[in-house]
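Subject: Structure handover

Dear colleague,

Here is the structure I said I would pass on.

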Amino acid sequence: MITHPQAMATPTPDPDEERRRIQTARLLAYRDDGPLAHVLAGKIGAGLPPMPAALVALLAVVAVTVAGLLEPGPMLLVPVAIMLLLVLPTTPRDHLGRLDWLTPPLLRGAEFFTIIAVGLEAEAPKWLLFVLVYVVGYHTYDTVYRTRQSIWPPAWVFHAGLGWELRLLIIGLGAAFDVLTPVLAVLTAYLFVLFAVESVTSWVRLDKASAQAGADAEQDLEASPEEAMEQAKSDEKG
């Protein structure tokens, strides 16, 4: 009796596990961690709970600013140091806690508040601060919109975009050494070109792929039954 080999059954992925994996990937993308965060992620153990740490960082930066502790010079590095010390250790966590979805908006709010607080104290042009916040905000919106359609930005964009941690560190050092305005100008121009060009080219590429898929589907519908049969036979032989 001849028996045919049975194909190995493909294991069905656990729906809950898949949901948790996607949730983690999305939240990590929304955080916009840069190269420094990724380098330290494997060296700081389990890390801190992300949502409480991000909330404490935001409140601490606001408290330091409202208390009037910021003044020109090295003191402008204090908000940046708070962010780095409290939020960087949250990078290794899986962000699956009940309130961990709040981490990205808290982190982005803390980043924007730090940029504005440090920039105003260092007397940087307000319009330049606004443009930088707008550029980073657009990048965040673009990332959220893409991932909700299961279109993931390439990993190199997050590294090239420096991440929230290096952006804040650059701004803090520029403010501490009284060269914030040129630093902001260069940083803003660089991020604008990077995020705008990458976003536009990605969406254009996606539109072309969608248009080609639509054209192929329309061609299949217009084919006669004989042509469709011949195409099917040629596909089977190929």
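What follows is a summary of what was found, from the whole chain down to single residues.

The model is predicted, so please read every value here as computed from a prediction.

Overall make-up

The protein chain contains 10 helices and 0 strands. Of its 238 residues, 35% are buried. The accessible surface amounts to about 14,100 Å², and carbon and sulfur atoms account for 67% of that area. Taking contacts between residues at least 6 apart in sequence, 85% link residues at least 24 apart.

The cavity

Searching the whole structure for cavities of 30 Å³ or more gives 1. Two elements, helix 6 (126-148) and helix 9 (180-222), each give two or more residues to the lining. Helix 6 has the largest share, with 4 residues. Sorted by class, the cavity lining consists of 3 nonpolar, 2 polar and 3 charged residues.

The largest pocket

The largest pocket holds about 230 Å³ of space. It is lined by 14 residues, and those closest to its centre are L28, A29, D33, H38 and F158. Helix 1 (15-31) and helix 7 (155-160) each contribute at least two residues to this lining. The largest share, 4 residues, is from helix 1. By class, the pocket lining has 7 nonpolar, 4 polar and 3 charged residues.

The aromatic pair

How many aromatic pairs does a search of the whole structure find? The search returns 1. The partners are Y141 and Y145, with ring centres 6.0 Å apart and 20 degrees between the planes. The pair counts as stacked because planes under 30 degrees apart are given that label. Both tyrosines belong to helix 6, where Y141 and Y145 are 4 residues apart, about one turn of the helix. Helix 6 is also the element with the largest share of the cavity lining.

Y145 has a relative accessible area of 41%, so Y145 is classed as partly exposed.

T103

One further residue is worth a separate entry. T103 is located in helix 5, which covers residues 103-121. T103 counts as buried because its relative accessibility is 1%, and the buried class takes in values under 20%. Apart from neighbours within four places in sequence, the residues in contact with T103 are R31, P50, M51, A54 and H95. Among these, R31 is 72 residues from T103 along the chain, and the C-alpha atoms of the two are 7.5 Å apart. R31 falls within the range of helix 1 (15-31), the helix that supplies 4 residues to the lining of the largest pocket.

Regards

Technical notes: Residues are numbered from 1 along each chain as its sequence is written. This is a predicted model: local features need pLDDT of at least 70, side-chain atom pairs count only at pLDDT 80 or more; totals for chains, interfaces and linings use all residues. Side-chain values use heavy atoms; hydrogens and water are left out. On a 1 Å grid over the protein atoms alone, a cavity is a set of points where a 1.4 Å probe fits but cannot get out, and a pocket is an open set with protein on both sides within 12 Å along at least five of seven lines; lining residues have an atom within 4 Å of a point. Grid points are joined across faces, edges and corners, and a volume is the space filled by probe spheres set on the points. Ala, Val, Leu, Ile, Met, Phe, Trp, Tyr, Cys and Pro count as nonpolar, Asp, Glu, Lys and Arg as charged, and the others, Gly among them, as polar. Rings of Phe, Tyr and Trp (its six-membered ring) pair if their centres lie within 6.5 Å; planes under 30 degrees apart count as stacked, over 60 as edge-to-face and the rest as tilted. Buried means under 20% relative accessible area, exposed over 50%, partly exposed in between (1.4 Å probe, protein chains only). Contact means heavy atoms within 4.5 Å. Accessible areas come from the Shrake-Rupley method with a 1.4 Å probe; for residues, only the protein chains shown count as cover.
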